[in-house]
Amino acid sequence: MQGSTESNSTGFWVYDGLCGIALRQSECPALPLNDSRQQMKNIGKERDTQGERSELDVRKGLFRAKPFVSDSDTGFSNSLALSSSLPNAFCNLIQDQCQAQMTSGSLWPDRPTSSQPLFLTFEPGTPHDLKCVTNNLQVWDCSWRAPSGAGRGASYEVCIENRSRSCYQLEKNSKIPPLLPGDYEITVNPLYEFGSSKSKFILNEKNVSLIPETPEILNLSADFSTSTLHLKWDDKGSVFPHYSNVIWEIKVLRKKNMEIVKLVTYSTTLNGKDTVHHWNWTSDMPLECAIHYVGIRCYIDDPQFSGHKEWSDWSLLKNISLPPDSQTMVFPQDKVILAGSDLTVCCVTQEKVLSAQIGSTHCPLIHLDGENVAIKIRNISASASSGTNVVFSVEDNIFGTVVFAGYPPDIPQKLNCETYDLKEIICTWNPGRPTSLAGPRSTSYTLFESFSGKYVRFNRDEVSANENYQLFFQILSNQEVYNFTLNAQNLLGQTESTLLVNITEKVHPRIPTSLKVKDINSTAVTLSWHLPGNFTKIKLLCQIEINKTNSEHELRNVTMRGVESSNYLTTVDKLNPYTIYTFRIRCSTDPFWKWSKWSNEKQCLTTEAIPSKGPDIWREWSSDGKNLIIYWKPLPINEANGKILSYNVSYSSDEETKSLSEIPDTQHKAELQLDKNDYIISVVAKNSAGSSPPSKIASMEIPNDQFRPGVRYNFSVYGCRNQGYQLLHSIIGYVEELAPAIAPNFTVEDTSADSILVKWEEIPVEELRGFLRGYLFYFEKGERDTSKIMGLESGRFDTKVKNITDISQKTLRIADLQGKTSYHLVLRAYTGGGMGPERSMFVVTKENSEGLIIAILIPVAVAVIIGVVTSILCYRKREWIKETFYPDIPNPENCKALQFQKSVCEGNSALKTLEMNPCTPNNVEVLETRSVAPKIEDTEIISPVAERPEDRSDAEPENHVVVSYCPPVIEEELANPGAECGGGSQVIYIDIQSMYQPQAKPEGELDSDPVGGAGYKPQMHLPITSTVDDLDADDDLDKTAGYRPQANVNTWNLVSPDSPRSTDSNSEIVSFGSPCSINSRQFLIPPKDEDSPKSSGGGWSFTNFFQSKPND
Amino acid sequence: MSRREGSLEDPQADSSASPLPHLEAKIQQTHSLARLLTKYAEQLLQEYVQHQGDPFGLPGFSPPRLPVADLSDPAPGHAGLPVPERLRLDAAALAALPPLLDVVRRLQGELNPLALRLLGRLEDAARQVRALGAAVEAVLAALGAESRGPRPEPAAAAVAAATASAGVFPAKVLGFRVCGLYLEWVSRTEADLGQLAPGGPA
């Protein structure tokens, strides 16, 4: 708001922490305006000599006062200085301060003393600082600072100029109607005030603040059982001209120190009418534990208003507290909560709580107001049936509560409704997951049927763990379809399961009772039973199980309509006479749902019937040939149809008929005296129901001399009837079977490299001479003209036999044969009379061309590969091959002979001699490196020691043969280079020492190694038994790891001939090297030493072949 | 006092009328019953705390011995009283116990409906303690020391209503207290009858 500075004034004072303000009643209605005016007036009269200006910094909520000099005794207004910023906030601050002081009773001292500073703002000039606010958009409340000379009751003319001019005569502040968007010129002209001049302001809606009225809480209530606060307030929407969105901010404070525990916004809409709103809040702490305060403020978001929108002031706080009670209590009491959730439990007490525990676990205490404490339980586990105990201990007592942590009911599973009798429906279900809640907290179930509106409840006052969950619902007449809803509910929630069922299709009959059996005749009985239920409108399907002794049970289904009496009857026929049956029955309904359980069994013996046939009979003549003995077999029970009491035997010829009656059942033969006539004999069995059909046998004989063995006969028996003859039976047979007379003809149908297909013909019946049993097929390798043709039998190892018992088979394929091979095949037939003659054939299989090709290709391929590999290797090793086998110029440095000569001749006297003892050398081989190929010169030396090898251990020092030489001195080829030392007289001496010493061991080590530097050491790298040698051997092993021709090296004596040991010891044989080393050339070649530039031409070994070229 | 003691000795004085063997047998029988019930009471208390959850049954858990309607702990000087007087106090306590055990049985039926053994023991205990009380009364009658006439009906219903409204925890504590009192009084009765039983210290 822009304003020109004309005379205006405003008043405000602060007095030693007390405050006073002259306010309009509408701005701070709670302030005792009259009192403040009076007090301010009183104070103002005395204060004005202080001479300091007071400033108010409302934004910071501070009062800062400076001395100022007033130019008027009564020049303060009771109008609030309408700062452009926060008049309401200022008002609230003043109000709060003043109220607090008023409550304490120290407000408004009678008069301030001179020591109590008093400050008064006073600004001289014209009305200025015009400021407009609105709380309902219907009236703008404008005020300005009065000119300094304005007194109480001053009037102003306020004119608003835009298209037209409207003027109002107002007092200190003005309520003007809202202006449309745009700038308006406002003129404030003080009336009746001398020295004041009018002010002009430019007013726009954008400069107006929308500050809603402070909301008022209509009601605050609490539900302590659920720890819920219910807040109710009026939005006073009737004062707003149009729809607006409102944001409410609600704060919940706890304890006496008013800790904010909840600050939440809540949006509604103003609809032009006063509307009461509700807001609920559930506390995490029982409301009984501490006092709770609630305050509310609002913010109106009117989209059509372009000015500042500000929050209203907070409403007066309302609180909820437990009525004072001296008794100690623990809250919540017996709370049921969801397992896994958090819970706060508190103890309201006047005594000091020492500890708190849940179950056996102690918890830290949270101190509330006074001695009240609380504990926080997080993620509580599901409780046992009796709940979880929470106990607070004071000095001489305990207080507790029980928490029941559980789960809401699971959806009822496997809900099934059926009926046993169409009178009552039984619904069963599985409750699912246990809720961990029992007794009055357990789940209650209600079964509701929607069509009829009826329901039944499930009460579990005292249940056992095994009790089924089931409810019974009475079937309603004329209702077949039921729509069931099973509702499960406990204190933590509810679920439901539904089922639509046509009850006539869900009949599960009870067990049939009173099963009875009654005879009708020998093959039929009547079954009757009782099946409780109202089945008159449906069909029953019953199943009868018929068990007969030693027989599989039989099931028969019968369908019948339900009867009101529930007694049912059916006939079971097709039974056997005189048989024990066991019956039982079960029933279902049509359509099928479930079978009932089987009824009890009922046993029954059917009555007798006449035997179904006569006994089997045969006859024979007695040994004297005078009597004919008739035998018969007792009838089996299924043919006797009862107990056989007796038999009747009768015989008749053309002339007479006689009979033997009442032969008891225990007798099964009868002897008849007959002549040579033909008779027909008949036997009849009798039981209590009657006689069986007669069994008849005729007597007729054919002489035996009419038949020959090996001939097939066809016997046909004809019965004589009135109309003629009738064939009764026909059989084929031999009096005696013989072996086949001929062999079957067979041919080779097909031949391949590994198989033969053979086909043969049938043997004619007359040549067969018996019933054909099969064929024997032999085959083996064989030529036509070999002796193996004859006597082909299965016992031979190379003969294979196939026994063909399927006489319809006429072909045979022989597989797995060799190609281009002659086979001998034999076939013969056999009958019950023996083996028939054989027929043979020779067949040559075809050649196997694939094998031949493979046999040629493989060797060729191998040869080519070897050639290629050899060529590659030769190419890669061409340098080495060249140097090894045909160098251009031999390297003289590689000459071992020269090295030997040099070392010996240049003064190393210790290496001049080689001593051999006791192994007698007979060959000396000198290997030189002057030529590419090692030159071997074996020299045969006849040693005197060698002639007496058994005396080696006794050899005297003077008997040692000492050979000193500088090669080349001996160039004689050994006659037997491979002979062993003990068995022959040859030894090969090689200048090992001279070529080894400079290469294998550094010179610096020679002084410390008396053995190593003394003479010939062919096995330098082998283990040596002496202590000194052990030390050297380790060094040598590191440097000369290579060839080791002798395994048992411990038996060797490696002492040099001129070593101290060799000379001083009389008992030890003085020798050098291995006794077998004489024939080894390879190890005498100096080891390849990287330090030696001379090793390249030192000899040849096979391993060199795989090494890289020397130059590489 | 002398009147009571005299009544105790009267049966001995009239032994020629031979009520003595009968009295001894009665005392012996009642003593055996009390001993049996002491054992049962120990089992009941153990079973009870098992079903209440921690800290019931934990070592050191001892809720205050608050007075229970119609029943209190045996007085400290109980042992110093004459035997008939002790038996009268025993009989009075035993008579007060059954309704309290019934209340506990009812509360536990809601709290532990599946604890069938506990419920059975509570039910048995009420019946058995009633029988023991009757037996003690009979012994008193045989001794010539009649009990103090008809007692007012125990305020078991009031106890049940009070505990139910106070919450589950007080109900558990009440049950704990009643089971403990049951054990104490049958044990005390056993000891008091032991004073009279043949071979006893009496």
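Chain A contains ten helices and 66 strands, where helices (H or I, at least four residues) and strands (E, at least two) are DSSP runs numbered from the N terminus. The model is predicted: local features need pLDDT of at least 70 and side-chain atom pairs count only at pLDDT 80 or more, whereas totals for chains, interfaces and linings use all residues. Residues are numbered from 1 along each chain as its sequence is written, chains are lettered from A in the order in which they are written, and side-chain values use heavy atoms, with hydrogens and water left out.

Of the 1112 residues of chain A, 44% are buried, that is, under 20% relative accessible area (1.4 Å probe, protein chains only). Among contacts (heavy atoms within 4.5 Å) in chain A between residues at least 6 apart in sequence, 66% join residues at least 24 apart.

The contact between the chains takes 26 residues from chain A and 21 residues from chain B. The buried area, meaning the accessible area (1.4 Å probe) that two parts lose on being put together, summed over both, is about 1,700 Å² between chain A and chain B. Carbon and sulfur atoms give 59% of this area. For the interface of chain A and chain B, the rule finds zero salt bridges, a salt bridge being a side-chain nitrogen of Lys or Arg within 4 Å of a carboxyl oxygen of Asp or Glu.

On the side of chain A that touches chain B, the elements giving two or more residues are strand S30 (388–394) and strand S31 (397–406) of chain A. S31(A) gives the most, with seven residues.

Note on methods. Buried means under 20% relative accessible area, exposed over 50%, partly exposed in between (1.4 Å probe, protein chains only).
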